[in-house]
Amino acid sequence: MAEPTSAIAETDGGAPSPTPLEALRAEAVETLGEALGDALLATHAEGDLWVRVEHQAWQQVGYVLRDRLGCLWFDFLSAIDWMPSPFGRDMDAEQDWPTGGPDPRDLSIESGVTGGETRLQVFARVMNTQTGLGVIAKADLPNENPAVPTWIPVYSGANWHEREAWEMFGIAFVGHPDLRHIYLPGEFEGHPLRKDFPLLARRVKPWPGIVDVEGMPAEGEEPPAGAGQ
Amino acid sequence: MTFTEREQQAYVDAASADARVNVELETEGMTLNIGPQHPATHGTLRIVARLDGEQVVAAEPVMGYMHRGYEKLAEVRTYPQVTTLINRIDWLGSFANEVPFILAAERLMDIEAPPRAQWIRTALFELSRIANISLFLGDMGVQLGALTPVFFAFRDREFVLNQIEAVTGGRFHPNFDRIGGLKDDLPAGWIAETKSVMAKMRGFCDELEDLLMGNEIFEARTRGVGVIPDHVAASFGLSGANLRAAGVDWDMRRDNPCGLAYESLDWKVWTHPDGDSFARYWVRLQETREATYMVEQLLDGLPSGPIMAKVPRIIKVPAGEAYVATENPLGVMGYYVVSKGELAPFRVKIRSASFSNISVVPWVLRGVYVPDVITILASLYFILGDIDR
């Protein structure tokens, strides 16, 4: 946002992106590759630009995005636990089992866009509001003691997002000055958004909403157990 | 750089001497708890402020009184069931919450709603904006001691809610958006009625402009108060009117209208260079008026055709990741949906506007006077459900 107003005023309220997004993304990949070298592991372009970096380079990628690609607007920072839920799908009713595709009890980790090697992945999105270039950065975290450098010096807004990721996933943000609970009470144990944290409501009682996806009961038959709860 | 032990000791001595002098000059520090139950917080937000006399030294919002864990709950619900939950994030503009999630699911499934559904979606989206922001426009007066605007706001918002109810059946939680389109078409006579309501809402905007803008007390309490410069706003992730009031000309509706019918409308993005409480109010007022014109244009140009695309009865979303954000009443709201090809999403990251908007509070409240705390909080405009999710 250093000098945004003058550049935009000239376009007279039109869309502020004269360059096609593809060119911008290719340019961004080049800049990132040049700045990060081997730390840049994978890229993927589909609307936004996804990049996966080494977790040691996490703060560096933030600086490159902000200072060299002009992504001044901080969108969010969070994490993904790629481990399939060890509770299988039994938190839902039987009908929720997928009829095809991979065996849902298969606990092998399968990462999404740009791949990944470990269970926990931290990801953040920033945006250049003038060109419309959005970049989603991802980093694999070590399975033992997941930790990553903080983004607070780069984007001040990362503070609360990192506190949330810390309490929900148990990811340490090295250099964060104030890593404490943001939503949960101070004495809370466990990391709720990890897949191995059970959702107790589903353990106690099957989800009554399951009637939505099974076939309607035929006329004259008893409604299935659990319906109308 | 290394210090010798002696240098370190000298530094500590000097610091403690400074502290002694400051203690003598300072008034006694005080901690003020604002909330969790306070009329200015629209819910249960607690602000712990450390005061020095009348000035705030440090302020720290305490959230979580209403945390409902939607990101976890979404993982055990099917895609159509998730919209029921996310309706309750920003409860004043509920329909707008559903739209980015549905768009993300549609992007993963590679289907597109038919044009008529897109246009009605956009019209309802803008109606939620009007219903939501009109309450802010009235509420800002209350925080400054002017009670009349809020009565006007509650009175006129009802007309908009009636229109939303007429289509969706719900005043606050429509749950009307579907993957591939909408649940139903518009009821008969709705278009003409909505146009008259839009004229009424423009009257409401004019009324509030007369009541508050130019009022000496209102200007004195908001002009130059709570200034957030553009680079700070961007780095904290502020969005919506809070960002445009800092002079940033960026609106997702114009710059990235993914799947909504904004491209064919003639409208303007309002910005204000000041970045203070007044600018935030002014921008929202202009946006509300602009939205009424947008709804009228949408209803005039409404294409005919079906309102649902061909969608399987049991919705399974192919594996992939998608992030879709829209310009919601409170700011940019986005859903990062990770699918593994099952009935339920694998992970949903909800990027809610108020959470980022309010994260600037410790920065902006430093050094302000206690009465301004209330106006600055009100002008940032947050909904608790949108912070706590």
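Q: How do you know how far to trust the prediction for chain B?
A: The mean pLDDT of chain B is 86, and 92% of its residues reach 70 or more. Where pLDDT is low, the coordinates should not be read in detail. For the complex, the predictor gives an ipTM of 0.82 and a pTM of 0.82.

Q: What makes the radius of gyration of chain B agree or disagree with that of a compact globule?
A: A compact globule of 389 residues would have a radius of gyration near 21 Å, and chain B has 23 Å, so the two agree. The C-alpha atoms of chain B fill a box of roughly 80 × 50 × 35 Å along the principal axes, and the chain has 16 helices and ten strands.

Q: What makes β1 and β5 of chain B edge strands?
A: The open sheet has three strands in the order β1-β4-β5 (chain B), with antiparallel pairing. β1 (29-34) and β5 (55-62) each pair on one side only, and they are the edge strands. From one strand to the next, the twist averages 20°.

Q: How do you know that β1(B) and β4(B) count as paired?
A: Two strands pair if there are at least two bridges between them. β1(B) and strand β4 (residues 46-52) of chain B have six bridges, in the antiparallel sense. For example, B:Met30 stands opposite B:Leu51 in β4(B).

Q: What joins β1(A) to β2(A), and what lies between them?
A: Strand β1 (residues 40-46) of chain A and strand β2 (residues 48-53) of chain A run antiparallel and are joined by six bridges. One of the residues of this pairing is A:Glu46, whose bridge partner in β2(A) is A:Asp48. The two strands form a hairpin with one residue between them, and A:Gly47 in the turn has a positive phi of about 75°.

Conventions:
Residues are numbered from 1 along each chain as its sequence is written. Chains are lettered from A and ligands numbered from 1 in the order in which they are written. This is a predicted model: local features need pLDDT of at least 70, side-chain atom pairs count only at pLDDT 80 or more; totals for chains, interfaces and linings use all residues. pLDDT is the predictor's confidence in each residue, from 0 to 100. Helices (H or I, at least four residues) and strands (E, at least two) are DSSP runs, numbered from the N terminus. Axes are lines fitted to C-alpha atoms, for helices over the stretch in contact, and angles run from 0 to 180 degrees between N-to-C directions. The radius of gyration is taken over C-alpha atoms; the globule rule is 2.2 Å times the number of residues to the power 0.38.
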